[in-house]
Amino acid sequence: MTAYLAKRLAIAAITLALASVVVFAMLEIVPGDPARVMLGMNASETQVAQLRQQMGLDGGPVQRYLHWAGNLLSLDFGRSYTYSVPVIDLVTERLAVSLPLALIALALSTAIAIPVGLYAASRRGKTGDVISMGAAQLGVAVPNFWFALLLVYLFAVWLRWLPAGGFPGWGAGIWPALKALLLPALALALPQAAILARVTRSALVDVLSEDYIRTARAKGMPWRRVLWGHALRNALIPVVTIMGLQFAFLLAGTIIIENVFYLPGLGRLIFQAITQRDLIVVESVVMLLVATVIAVNLIVDLSYALVDPRLRSRA
Amino acid sequence: MSLLEIENLSLSIGAVPVLSDVDLSVEQGEIVALVGESGSGKSMTALTVMQLLPHAARTSGRVLLDGTNLLEASEEHMCTLRGDDIGMVFQEPMTALNPLKTIGEQVAEGIRWHTRASRAEAEERTRRILDRVGLPEAKFPLSRYPHELSGGQRQRVVIAIACALKPRLLIADEPTTALDVVLQAQVLDLLRDLVAENRMGLLLISHDLAVVADMADRITILRNGQVMEDGEAAQVLSVRTHPYTRQLAQASTHVPEIRAAAAHNTLDSPQAPLLVVQNLTRDYPGRRLSLLRRGAPTRAVDDVSFSIAPGRSVALVGRSGCGKSTLARMILALDRPTAGEIRFRGETLTGRSEAELKPARRDMQVVFQDPYGSFDPRQKVVKLVTEPLHLLEKPPTGTERRDMAAAALAEVGLGSDALEKYPHEFSGGQRQRISIARAIITRPRLVVADEPVSALDVSIRAQILDLFADLNARLGIAYLFITHDLTVARAITDEVMVMEEGRIVERGLTHAVLDDPQSGAARELVSAAPDLKRALERRLREQG
């Protein structure tokens with residue numbers, strides 16, 4: 001197990017290092033002078049030179065890369081040009097919205113998808129299967145902002161249970177903040193749940209035709225216990241893989257939902273930074289997302305080993 | 001009243017009839033064998049008793065267990081019977097256990113469910129039954145996972161699960177087909193003892209007449225879902241009134257006529273050897289224990305030397321895991337030896353590049369065990385059979401390729417209409433013919449065959465053995481037959497090499513080695529191998 005862990009950690013570290021080279025190189029490839037690009041045509045040469053120095057653009061590429069990567073390691077992401085604050089402050093502020101949002105959405109989508117997948121798989125080919133997979137098909141097809149609008153209409157306009165948008169901040173208390181995140185999380189979760197339910201169903205259908213399911217039934221185990229006790233855990237590996245991919249999407253791919261609900265999240269930050277050519281922010285947020293994806297993949301890999309004893313002993 | 005009474009059982013799945021009017025009974029303490037070839041409905045009969053049939057299955061007739069008709073029993077009622085009153089052992093031990101649960105959990109689960117015993121109590125009973133099936137806790141703690149056990153050990157766990165609650169009826173569906181002969185003998189002994197101890201009824205499903213002759217009190221022979229003959233086992237198998245029984249019995253001890261006539265009585269050949277293997281060794285690196293430490297390497301093949309003369313047919317026999325397949329892979333240059341040398345037609349193969357190996361590959365082809373898994377299902381037969389032709393000096397053109405494929409198919413008894421078909425359109429025996437056609441299309445001088453008939457029914461097996469013998473006689477192809485089945489070795493080979501723990505421990509003319517084995521390994525194999533004639537003689541002697 002320790003060997004498996006060490007191997008996975010090493011792979012994660014190497015991936016992160018390579019990704020940082022790619023992100024840095026992208027900035028190098030941007031045509032023209034990044035400082036000039038950021039400041040626009042009307043900026044004076046002095047301003048450009050100042051920004052160049054501030055961004056560490058003087059010196060050779062290797063030296064600049066090492067300087068930049070070193071700063072990243074000490075969590076020094078530099079200063080945002082447009083916001084005039086350290087990028088780290090900007091990012092932590094936005095993560096306080098995006099991270100809980102992503103986690104709630106993931107929890108909701110899992111809570112919906114796994115029971116639906118189990119139900120559909122155990123009623124394979126029957127009406128219940130057809131109906132739930134039809135609903136899942138719809139969930140995949142309908143864009144999440146449409147769900148968002150429907151949810152706002154139902155819960156905010158009509159029932160008046162939850163706010164229609166905005167974020168009061170965690171300072172306003174946990175409950176009001178959570179209430180503000182609930183509808184966007186649900187809107188994000190529904191399409192994800194639809195995908196996950198389909199994956200769960202197909203993984204379970206495969207597992208249910210395995211010999212050891214027959215052995216469990218020959219033991220006299222009732223269907224429900226066979227499904228939960230034997231089949232589900234064996235079907236988890238593809239499900240966990242998809243969940244890992246979804247989390248990365250939920251963290252940053254939420255620009256539209258954040259706009260619908262007026263949430264100051266990471267997605268909006270990156271969108272604004274791109275339109276305002278705030279390359280320092282873009283670069284930092286992209287690195288942060290890359291690191292998150294790698295970390296989530298690491299967790300997914302480790303959970304494989306937790307689920308499957310063969311991986312524990314083989315590695 | 002019998003323990004199990006099957007009356008007029010008919011079964012269809014969708015529109016396909018599987019069983020029609022099957023009658024069968026099992027008394028307490030009795031072993032009844034259900035025999036037939038694949039597709040005859042044996043397993044479906046067992047699954048009907050367990051009520052584990054596919055959803056589309058429709059049944060009629062009666063299946064009485066102690067007077068209760070199982071066909072009318074509710075699923076809840078069946079759950080109380082399965083695992084408690086009826087236990088079942090399956091064919092494939094490698095996949096019959098849940099890979100994510102320990103063996104202790106898997107045995108205890110049924111005990112707890114049926115007896116409502118406490119965790120500790122169930123564990124105690126689990127320990128006892130695992131000990132009884134030959135997995136003592138000192139060597140096989142309950143915390144072991146299935147992948148840490150061998151096939152034979154896993155089958156013991158499956159038997160422990162089935163017998164944990166001393167069921168009144170045990171159903172064993174080909175319980176030893178996936179095991180080597182020595183393990184087979186051990187598992188059959190275990191089943192026999194458990195039946196005697198607990199006065200269980202055993203319904204033994206098998207395709208192997210020799211096993212059945214040895215084990216069963218009564219026998220029912222099934223063909224295409226219909227009972228052909230039933231009665232006292234030794235009686236049915238020795239008198240052979242029914243033509244189908246006779247056909248099965250003859251096929252299972254079949255020796256190709258060409259071979260029976262030919263004399264291959266000397267070990268030494270005047271010709272220069274075709275294949276020479278010298279001091280061949282293969283080590284596999286040990287399991288990683290920590291980041292920097294590895295366990296000791298495993299020696300799969302240990303200092304093996306032998307040679308094969310042109311046109312000779314040589315068997316390589318041994319228990320599973322003895323290194324047979326590793327040795328074959330090295331000869332086929334699919335795996336690199338750790339040490340030693342392989343010479344084929346006088347040229348060294350070891351350490352050569354793929355390009356340098358090309359002429360050797362042309363003269364050396366392979367036939368695998370599983371005729372279902374060894375073809376790309378999306379390619380037509382013409383493409384599959386002509387695959388090795390790129391090895392020729394001058395790769396043939398389109399029409400030449402077709403002609404060569406048709407000729408190779410004719411050689412193995414298939415018409416040229418097969419060229420445009422896909423593998424799934426053929427039966428198992430026909431597919432094995434196609435893989436033989438693929439092997440001989442380059443006119444090789446050596447064919448390595450890895451258990452080429454063990455996945456086939458006895459009558460098909462007899463035909464394929466005839467084909468091998470015929471090709472050997474007509475085309476002078478030498479064979480290296482890897483098998484654990486001594487009947488096959490006897491039927492088709494001139495010489496036998498017995499392998500044990502990576503070494504060749506005995507070598508000689510086939511009949512000499514099998515009639516009078518010298519080494520421990522060979523004696524073990526010979527005495528464990530089921531033999532129809534011997535079993536029948538013993539049974540008839542016992543009955544007077």
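Reader: What makes B:Ala405, B:Ala408 and B:Leu409 of α14(B) count as buried?

Author: The model is a predicted one. A residue is called buried if 20 or more other C-beta atoms lie within 10 Å of its own. In α14(B), B:Ala405, B:Ala408 and B:Leu409 are buried, so each of them meets that cut-off.

Reader: How do you know that these residues are on the same side of α14(B)?

Author: Their arc around the axis is only 100 degrees, and therefore they are placed on the same side of α14(B). The buried residues of this helix pack against α13 (381-385) and α15 (428-440) of chain B.

Reader: What makes the reach of helix α14 of chain B close to the expected one?

Author: The expected span is 1.5 Å times one less than the number of residues. Helix α14 (residues 398-411) of chain B has 14 residues, for which 20 Å is expected, and 20 Å is also the reach from its first C-alpha to its last. After α14(B) comes B:Gly413, with a positive phi near 85 degrees.

Reader: In chain A, which residues does the contact between domain 1 and domain 2 take, and of what class are those from domain 1?

Author: The assignment gives domain 1 (2-73) and domain 2 (87-314) in chain A. Their contact takes 15 residues from domain 1 of chain A and 16 residues from domain 2 of chain A. On the side of domain 1 of chain A that touches domain 2 of chain A, α1(A) gives the most, with 10 residues. By class, that side has 12 nonpolar, two polar and one charged residues.

Technical notes:
Residues numbered from 1 in each chain as written. Chains lettered and ligands numbered in written order. Predicted model: local features only at pLDDT ≥ 70, side-chain atom pairs only at ≥ 80, totals over all residues. Domains from an automatic or database assignment. Contact = placed C-beta atoms within 7 Å. Helix = DSSP H or I, 4+ residues; strand = E, 2+ residues; numbered from the N terminus. Nonpolar A, V, L, I, M, F, W, Y, C, P; charged D, E, K, R; others polar. Buried ≥ 20, exposed ≤ 12 C-beta atoms within 10 Å, placed from the backbone. Arc of directions from axis to C-beta.
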